[in-house]
Amino acid sequence: MGYVTRIVIIGGGPGGYEAALVASQLGAEVTVVDRDGLGGSAVLTDCVPSKTLIATAEVMTTFDSSYEELGITVDQGTAEERESKVIGVDLGKVNRRVKRLAIAQSHDITQSVTRAGVTVLRGRGRLGAGGQAVDGSREVLVDTPDGSVQSLRADAVLIATGAHPRELPDAQPDGERILTWTQVYDLEELPRELIVVGSGVTGAEFAGAYQALGSKVTLVSSRDRVLPGEDPDAAEVLEDVFRRRGMNVMGRSRAESAKRIGDRVEVTLADGRVIEGTHCLMAVGSIPNTAEMGLEEAGVKLNDWGQIQVDRVSRTSAPGVYAAGDCTGVFMLASVAAMQGRIAMYHALGDAVQPLNLKTVASNVFTDPEIATVGYTAADVECGKMDAVVVKLPLRGNPRAKMQGIRDGFVKLFCRPGTGIVVGGVVVAPRASELIHPIALAVDANLTVEQVASAFTVYPSVSGSTAEAARQLHVRKRAGGES
């Protein structure tokens, strides 16, 4: 392929719009083909809306669980008034705010991209059947809203089309009682009895949020515990919190069907049990948006799940074609999608590029408490993939946590036994998404526990537990073992 000057990006999510900004900055002629609005599902139906909803739920949880312990009194009036005046949530108002913020964020992204000189074309993009031309360029066909087909030539193409919720054949969503996570923002009233099917990140986040908002929640998990892909100690803390707050957590319970009966929903489990509720949220994974895009005909290899196979610089098996984000299934986070997109453009346009390193990715589960992780995990240590010393400090001994009424959570660090280099960490706490950053820096920069321990922390602060864990590892890294 010759010198790259024309870039076409199919999909306007984080992988797409971040790539567009980089490519434009590097002097390319960039077109983004987008169907639903820039920001993609991350902004319109996933990350931004769900975390906005969760922010409201956090206020409810904090008030409900901490105000009496912290000495805050609430004047509830007479006994008769208390019966009629209960703190609650106007879900219709909450959801209107959620959608308003999502649209505003999408608008801001569009403005930023167009100011950078990027052309945004509304429509559905696919690779042309002609394959690679003599000059090395690729054809992208765009099915536009008016029914016409527009042809674009590109020196490099980035596929960043994301994914959509998986649906079970016997649990088809109707958008009213049986819902996917993209449909919950149309609800006007809080579900009285919500069944959440799926205990991965999405299921756990929504289950915790709706419980905090006031729903009676049943969480159906096909695995032994919630969040089977997360740190087991962290998952245990969260499941204990869920149960203590009144959630019905059903482990080893696989849902086979969900059907609506009037204003009720019945979920049938594999063992024949039937659970009833007013609403059901299906959170059983996602499917990449790669069908009917001419990918395989153009030489782009897909795996058995329909995900695009890419290397660490986002190249597919087809020359001149890159891919980023959830359609690749590499690590389904907006931050990773954005990094994949940037890396693709750096590589395509001949700039210096550092291949994607998933062991430096910080991720977060937005439950209450939050669960943040980075680097190697307990599973990696257990299976022998990484030889590391581990220490875990419960937050109940942290002075700031005591002041704030925080009883659940911990800080866990992993380091190499000989060198003391920090290779991973877990934080379970309110705002763990903020507290994980210094550990992520340590992992990315190969800092030792001595360096982490010697950096000043504010007293009192929850982050002080990170420094204390590092100090304990300074002693224990030589002997090995876990605290």
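**A helix across a sheet**

User: At about what angle to S11 does H6 run?

Analyst: H6 lies across S10, S11 and strand S16 (279-282). Helices (H or I, at least four residues) and strands (E, at least two) are DSSP runs, numbered from the N terminus. Axes are lines fitted to C-alpha atoms, for helices over the stretch in contact (heavy atoms within 4.5 Å), and angles run from 0 to 180 degrees between N-to-C directions. H6 runs to S11 at about 165°.

User: On what kind of model do these values rest?

Analyst: Residues are numbered from 1 along each chain as its sequence is written, and side-chain values use heavy atoms, with hydrogens and water left out. Local features need pLDDT of at least 70, side-chain atom pairs count only at pLDDT 80 or more, and totals for chains, interfaces and linings use all residues, since this is a predicted model.

User: Which residue in S11 stands opposite Leu194?

Analyst: Strand S10 (residues 193-197) and strand S11 (residues 216-220) pair in the parallel sense over five bridges; pairing requires that DSSP find at least two bridges between two strands. Opposite Leu194 stands Val217.

User: Is Tyr210 buried or exposed?

Analyst: Phe206 and Tyr210 both lie in helix H6 (residues 201-213), four residues apart. Buried means under 20% relative accessible area, exposed over 50%, and partly exposed in between (1.4 Å probe, protein chains only). Phe206 has a relative accessible area of 5%, so Phe206 is buried. Because its relative accessibility is 1%, Tyr210 is likewise buried.
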